[in-house]
Amino acid sequence: SLAGKTALITGSTSGIGLAYAKTLAAEGANIIINGFGDSAAIEQERQALEQASGAKALYSGHDLTKASEIEAMMQEAASAFGGVDILINNAGMQHVAPVEEFPVDKWDLIIALNLTSAFHTSRLAIPYMKSRKWGRIIQTASAHSLRASPFKSAYVTAKHGLAGFTKTLALELATFGVTANCISPGYVWTPLVENQIPDTMKARNMTREQVMNNVLLAGQPTKQFVTVDQVAAMALFLCSDAAANITGANMTIDGGWTAQ
Ligand code: NAD
């Protein structure tokens, strides 16, 4: 049980982040969700999390591409709960373009959100974790923290950087009861992935099935999408005492992608 613990999950208004929030709430943790979206829908999710956990759920809608907003979010967490025991850095975005055409502002945003935000949340969460002699820092990295694809330079750079940052965190925190690990999914079935199917069908003159198997799942040997619940189950395991000696690891959930 995670009763009495507080989990902050960045980018948790949809997809993988929301699944983490639901899974940790079911174990009784206080939850802080973050991300963008329709405010009525977010409020509904927040209430559902409180019902599931019997604990508190707070929404903090700050833009994590900005250090000052991350500081404000971490301040809200400290005021409400004293601090964060479980930090999941999950917010992320993608842009696809060749390097020489890559918009400079998109590069800066992706590095800020997918990499630098994890530095800021971590540096602000660590003192409390150290004082409690217990903590979990979990990054949603990606198969792209271990492998590259063309046209995703900012994303691949940020995710490789996140994997390196996590190893350093693990070493610095090793004697404080605080672990730091990456979870690296392959293609996960989220609205983000589902929504690119119709356009890809048109662009490549393919059926839905062809897009799924020949494009999206081309590099995923199981030919199955990872589910958000499978990713969240790994996070819950990393929060358990059984995982106390797993630190600095990069846990792949990619249907065999990075075995190739
Ligand atoms: P998603 O688009 O469903 O969720 C992204 C979340 O981040 C949303 O809650 C969004 O509101 C939030 N967000 C976006 N910009 C933000 C900002 N500036 N500040 C704060 N929050 C912001 O995507 P997802 O598929 O659930 O992805 C979550 C994480 O998983 C990302 O880091 C992504 O790189 C990683 N990932 C996804 C896949 C996949 O196939 N879907 C695979 C590997 C890794």
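**Ligand shell, domains and helix packing**

The shell around the ligand comprises twelve nonpolar residues, 15 polar residues and one charged residue. The model is predicted. Its domain assignment gives domain 1 (6-187 + 226-259) and domain 2 (189-224), and because both domains give residues to the shell, the ligand lies between them.

**Ligand site**

- The ligand is surrounded by 28 residues, of which twelve are nonpolar, 15 polar and one charged.
- The closest of these residues are G11, G15, G35, G92 and S142.
- Two helices, α1 (15-25) and α6 (191-194), each supply at least two residues of the shell.
- Domain 1 and domain 2 both contribute to the shell, and the ligand therefore sits between them.

**Domain arrangement**

- Domain 1 is assigned as 6-187 + 226-259, while domain 2 is assigned as 189-224.
- The centres of domain 1 and domain 2, taken over C-alpha atoms, are separated by 26 Å.
- Contact between the domains involves eleven residues of domain 1 and twelve residues of domain 2.
- On the side of domain 1 that touches domain 2, four residues are nonpolar, six are polar and one is charged.

**Helices α1 and α9**

- The axes of α1 and helix α9 (residues 228-239) come within 8 Å and cross at roughly 50°.
- The crossing in which α1 passes α9 is right-handed.
- From α1, the residues G15, I16, A19, Y20, T23 and L24 take part, and they meet V228, D229, V231, A232, A233, A235 and L236 of α9.
- This contact of α1 with α9 holds ten nonpolar residues, two polar residues and one charged residue.

**Helices α4 and α5**

- Helix α4 (residues 104-132) packs against helix α5 (residues 153-173) at an angle of about 15°, and their axes are 9 Å apart.
- That angle makes α4 roughly parallel to α5, since angles under 35 degrees count as roughly parallel.
- α4 passes α5 in a crossing that is right-handed.
- The α4 side of the contact is formed by K106, W107, I110, I111, N114, L115, A118, F119 and S122.
- The α5 side is formed by A154, Y155, A158, K159, G161, L162, F165 and L169.
- Sorted by class, the contact of α4 with α5 has twelve nonpolar, three polar and two charged residues.

**Helices α7 and α8**

- Helix α7 (residues 197-204) and helix α8 (residues 208-216) pack at about 95°, with 9 Å between their axes.
- α7 and α8 are therefore roughly perpendicular to each other, as angles of 65 to 115 degrees are classed in that way.
- I197, T200, M201 and R204 of α7 make the contact with R208, V211 and V215 of α8.
- The contact of α7 with α8 has four nonpolar residues, one polar residue and two charged residues.

Technical notes. Residues are numbered from 1 along each chain as its sequence is written. This is a predicted model: local features need pLDDT of at least 70, side-chain atom pairs count only at pLDDT 80 or more; totals for chains, interfaces and linings use all residues. A residue is near a molecule or strand if its C-beta atom, placed from the backbone, lies within 6 Å of it. Helices (H or I, at least four residues) and strands (E, at least two) are DSSP runs, numbered from the N terminus. Ala, Val, Leu, Ile, Met, Phe, Trp, Tyr, Cys and Pro count as nonpolar, Asp, Glu, Lys and Arg as charged, and the others, Gly among them, as polar. Domain bounds come from an automatic or database domain assignment. Axes are lines fitted to C-alpha atoms, for helices over the stretch in contact, and angles run from 0 to 180 degrees between N-to-C directions. Angles under 35 degrees count as roughly parallel, over 145 as roughly antiparallel, 65 to 115 as roughly perpendicular and the rest as oblique. A crossing is left-handed if the near helix is turned anticlockwise from the far one by less than a right angle, and right-handed if clockwise. Two residues are in contact if their C-beta atoms, placed from the backbone, lie within 7 Å.
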